[in-house]
Amino acid sequence: MALIMAGAPGKGRKEVVEKLLDEFDAASSLLPPKKRQRLEEVRFDTIVAPLVEIQYPIPRHDNLSLGEFQRRLNTANTPIVITDALSHWPALSTRPWSSPSYLLSLTNGGKRLVPVEVGRAYTDPSWGQKIISFREFLCTYMCGSGGETGYLAQHNLFSQIPALRNDIIIPDYCYSIPPPPPFNVVSTPPLEEPLINAWLGPRGTVSPLHTDPYANILAQVVGSKYIRLYAPEETKSVFPRGMEDAGVDMGNTSRVEVEQEGGGEGLSEEERRVWKKATYVETVLREGEVLFIPAGWWHYVRSLEASFSVSFWWN
């Protein structure tokens with residue numbers, strides 16, 4: 001709770017909180033077994049959504065070198081799936097994120113608190129947020145109960161659970177030099193290190209069609225996701241939301257419901273005709289693969305099964 005609620009850390013605050021958490025976890029591990037919760041009780045849902053027919057596939061390449069990746073950025077700043085890119089990550093082998101018991105062991109048996117998005121997508125009227133224990137999140141949303149959808153989305157989980165950060169390695173591609181951002185996103189100050197966020201959720205979680213101002217490597221650690229992308233040149237055809245009634249700028253999010261008939265009920269007949277002509281590329285991103293999403297590209301993401309991803313933003 002301290003890391004969630006404290007806001008921007010003052011000098012040394014983050015380190016002090018992390019040290020306290022580590023000491024608390026170490027003390028808890030000394031409790032007699034009967035005092036601890038059973039970690040093996042939680043199991044991820046194993047149901048996979050129906051396969052998606054890919055009509056306009058994103059190019060796929062096997063484990064590109066940094067030099068090859070940079071040359072591609074210089075000549076064709078377009079999406080690419082890189083396969084066999086994460087085989088050296090402990091998160092896929094010796095310290096598996098596919099194991100709920102392992103994740104619980106790093107969170108004091110699941111007692112750590114996390115912020116959860118509740119609802120299918122953040123554009124839905126019923127969408128909300130709440131703070132619950134990590135164990136409650138896994139048991140309620142990740143085990144296939146069939147109730148409401150909960151998503152631990154775009155969260156700096158590694159500040160709350162520092163041990164998880166040791167299970168991943170920043171891809172070399174994040175140290176390439178991407179082209180300047182396109183016209184549809186604002187320019188951002190240079191980052192010293194990539195911004196790293198976790199995305200943990202069940203089958204059916206959705207990130208609506210939106211765009212980001214950073215280049216992005218999306219790494220798939222557990223499960224699979226269907227992803228569709230539109231180039232910045234299609235911005236007028238995806239109908240950005242603009243300023244909402246509450247004064248929130250939603251210009252980076254589309255009014256289109258990508259997988260609904262005709263783009264959803266929010267479009268007029270003329271808008272639907274325009275939307276249907278927009279060109280896109282798509283893929284199913286699987287465990288061990290990464291997807292490069294250039295800055296400014298509109299992207300829609302749906303989890304096909306219980307899924308754990310990590311995004312790396314850089315500029």
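Trp314 counts as buried because its relative accessibility comes out at 4%, and Phe292 counts as buried at 1%; the cut-offs are under 20% relative accessible area for buried, over 50% for exposed and partly exposed in between, with a 1.4 Å probe and protein chains only. This is a predicted model, with pLDDT of at least 70 needed for local features and 80 or more for side-chain atom pairs, while totals for chains, interfaces and linings use all residues. Residues are numbered from 1 along each chain as its sequence is written, and side-chain values use heavy atoms, leaving out hydrogens and water.

On to the rings. The count comes to 13 aromatic pairs, where rings of Phe, Tyr and Trp (its six-membered ring) pair if their centres lie within 6.5 Å, with planes under 30 degrees apart called stacked, over 60 edge-to-face and the rest tilted. Phe69 and Phe292 make an edge-to-face pair, 5.2 Å centre to centre with 85° between the planes.

Next comes strand β12. All 6 of the 6 residues in β12 (residues 298-303) are buried, so the strand is largely enclosed by the rest of the structure. Trp298, Tyr300 and Arg302 point one way, and His299, Val301 and Ser303 the other. Strands pair if DSSP finds at least two bridges between them. Strand β9 (residues 225-230) runs antiparallel to β12 with 6 bridges, and Ile227 stands opposite Val301. Strand β7 (residues 206-210) is also antiparallel to β12, joined by 3 bridges, with His210 partnered by His299.

His210 turns up again in the largest pocket: 27 residues line that pocket, and Tyr122, Gln154, Trp199, His210 and Asp212 lie nearest its centre. Elements giving two or more residues to the lining are β5 (150-155), β7, β8 (215-222), β12 and β13 (307-314). A pocket, on a 1 Å grid over the protein atoms alone, is an open set of points where a 1.4 Å probe fits, with protein on both sides within 12 Å along at least five of seven lines; lining residues have an atom within 4 Å of a point.

Definitions and conventions: Helix = DSSP H or I, 4+ residues; strand = E, 2+ residues; numbered from the N terminus.
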